[in-house]
Amino acid sequence: MSQEKIDRYKQAKYDRKNAPKKSHIKKYLAYAATTVVAVALIVYLGYSVGLELGMIKKEEPTTTYVGTATKEELESKLQSYDPIGMYSKYAGKNQSSDANASDDSAKTEEATTVADEK
C-alpha cells in the first residue's frame, strides 16, 4: 500500500469514530436553541396578552414640577416650617454680614464720588 492510501484509511477511521459524537453535539445544540426560542416566544405572548387583559400594568413615567418661586417666597415657607427657630437664628447671621457688605460698598461709593468731585 502506498502512503496516501494509508493516510486516507486512517482519516476515514478517525471520522467513523468521531462522526457520532459530532452529530450528537449538533443535535443537542439544535434542541437547546429551539427551546430558547420557544420559551422567548411564550413569554412574549404571555406578556402581550397580560397587557391587553389588564393583568399587567405598565408603569408610567412620573413628571416633576419645577416651579419658579422667588427667594422671598421660599424663605417665608422655610420660616413657616421652622418649629424651633433654627432658620431665623442662622438667617440673622447671614443678613448681618450682608448688611456689613452693603455698608462697605456704600462707603466706597462715597469715597469715589468725593474723589470725582475734586
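**View 1. Y47 lies in helix α1.** This close-up comes from a predicted model, where local features need pLDDT of at least 70, side-chain atom pairs count only at pLDDT 80 or more, and totals for chains, interfaces and linings use all residues. Residues are numbered from 1 along each chain as its sequence is written, and side-chain values use heavy atoms, leaving out hydrogens and water. Helices here are DSSP runs of H or I with at least four residues, strands are runs of E with at least two, and both are numbered from the N terminus. With a relative accessible area of 40%, Y47 is partly exposed; buried means under 20%, exposed over 50%, and partly exposed in between (1.4 Å probe, protein chains only). Beyond its neighbours within four places in sequence, Y47 is in contact with I56 and K58 (heavy atoms within 4.5 Å).

**View 2. Y47 also takes part in a nonpolar surface patch.** Patches are made of residues with over 30% relative accessible area and no salt bridge; like charges are joined within 9 Å, and nonpolar side chains (Val, Leu, Ile, Met, Phe, Trp, Tyr) within 5 Å. A salt bridge is a side-chain nitrogen of Lys or Arg within 4 Å of a carboxyl oxygen of Asp or Glu. Areas come from the Shrake-Rupley method with a 1.4 Å probe, and for residues only the protein chains shown count as cover.

**View 3. Y28 and Y31 form an aromatic pair.** How many aromatic pairs does a search of the whole structure find? There is 1, and its rings are edge-to-face, 6.3 Å centre to centre with 65° between the planes. Rings of Phe, Tyr and Trp (its six-membered ring) pair if their centres lie within 6.5 Å; planes under 30 degrees apart are stacked, over 60 edge-to-face, and the rest tilted. Because Y28 and Y31 are 3 residues apart in helix α1 (residues 3-53), about one helical turn separates them. Both Y28 and Y31 are exposed.

**View 4. The charged end of K27 sits over the ring of Y28.** The distance to the ring centre is 5.7 Å. For this, NZ of Lys or CZ of Arg must be within 6 Å of the ring centre and within 35 degrees of the ring normal.
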